[in-house]
Amino acid sequence: MSHRPSSGLAAVSTALLAMSRHLEVRDVLKTIVVSARELLDAEYAALGVPDDHGGFAQFVVDGVGDEQWKAIGPLPRQHGILAAMLHQAEPERLADVREDPRFEGWPDAHPEMSDFLGLPVRDGDETLGALFLANKRCPRVTGGCGFTAEDEELLSILAQHAAIALTNARLYERSRELTIAEERSRLAHELHDAVSQKLFSLRLTAQAAAALVDRDPARAKGELQQVAALAAEAADELRAAVVELRPAALDEDGLVHTLRTHVQVLDRAHTAARVTFEGAGTRALPAAQEEAVLRVAQEALHNALRHADAEHVTVSLTRAGQGARLTVTDDGKGFDPRTVRSAGRHLGLVSMRDRAGGVGGSLTVTSARGEGTTIEMEVPGG
């Protein structure tokens, strides 16, 4: 029984909308594969992105379980039918891929495949990848059942839009890399300025202590205590900057674990304030949304610990429908948001709002003088 929507146009529209919701390359690749398999009622689908060394930089599959995929082994090389899809512009529709002279077999754990439909995903003359479908899901009759000319036409339309979505995702990632480089440069300047000032004060205080040690030991002792305090502050600045410069391990650890670890490090680094984290019941978010949540949390924590004189900062991540809600609350001195805007001192609020809006989310700031601050961000999920 077919799983395809009643209208081919509706199915294509659904697939294109799904692709347009994502900005990260890995999310776009997965959405293309899932959309293609559902659109054409195929049992298996895959999309390979070639590298420059005869292999695939990425190879995304749908219809194969995680354990089976692990058992299949390393990513395939560019040979046989896979290579043909990367070097020819036209689709390839086969009744049984195993009977094609270019077929070279597959690993023991690989599922059995027969009917096959594949085509390149191209942006102009550049081949971005190759899309493959196998085993059409339809009633088997005498003579077999496979992909049709209509399937080929639908997949060609999908591939054209997939190329646009993939190109946009790549441009977004390059833009984000530039933004990250700019942030690292800013942090480097902050680190230099803050630590340099602390070390300069530390040197002057140590010199004063040395001059007083013989003629006024009591004052020298006070100066040495100040040296210790300045050294501790410099160490805090260094730890905090290192945390912000460290790449987030979102891919490996997920948002909740990464946030929790970040909070734990800040709690140890900032001895004057307690920083805690609560997170439960959240689901994985699209990669762009997870990074936006992490960056907003980091900015809000930076403000609370550096500017608010807070004694306690809490970070929570909870489920909100299909998405998530981040809340960062401090008991610091607070501020009047209207005054901050009029004075041109945004405390990173513009950046946080831009990050939230960039992934379809929202940001709310609640604060008043003497009453602390709450930053709340919601993202829609995917």
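How many of the 20 residues of α8 are buried? In this predicted model, 19 of them are, and the helix is accordingly described as mostly covered. Helix α8 comprises residues 287-306. The distance from its first C-alpha to its last is 28 Å, close to the 28 Å expected at 1.5 Å a residue.

The largest nonpolar core contains 35 residues, and those with the most contacts inside it are L326, I375 and M377. At least two residues of this core are supplied by each of α7 (250-269), β6 (274-280), α8, β7 (312-320), β8 (323-330), α10 (349-358), β9 and β10. The greatest contribution comes from α8, which gives ten residues. In soluble globular proteins, nonpolar side chains tend to be buried together.

The surroundings of L326 were examined with its neighbours within four places in sequence left aside. On this basis, L326 is in contact with L259, V293, V296, A297, V315, S316, L317, I375, E376 and M377. Another core, of 32 residues, lies apart from the largest one; among its members are A36, A162, A163 and A165.

The loop between β9 (362-367) and β10 (373-379) contains R369. This residue counts as exposed because its relative accessibility is 58%, over the 50% cut-off. The C-alpha atom of R369 is separated by 4.5 Å from that of G334, although the two residues are 35 residues apart along the chain.

Definitions and conventions
Residues are numbered from 1 along each chain as its sequence is written. This is a predicted model: local features need pLDDT of at least 70, side-chain atom pairs count only at pLDDT 80 or more; totals for chains, interfaces and linings use all residues. Side-chain values use heavy atoms; hydrogens and water are left out. Helices (H or I, at least four residues) and strands (E, at least two) are DSSP runs, numbered from the N terminus. Buried means under 20% relative accessible area, exposed over 50%, partly exposed in between (1.4 Å probe, protein chains only). The expected span of a helix is 1.5 Å times one less than its number of residues. A nonpolar core is a set of buried Ala, Val, Leu, Ile, Met, Phe, Trp, Tyr and Cys residues joined through side-chain atoms within 4.5 Å. Contact means heavy atoms within 4.5 Å.
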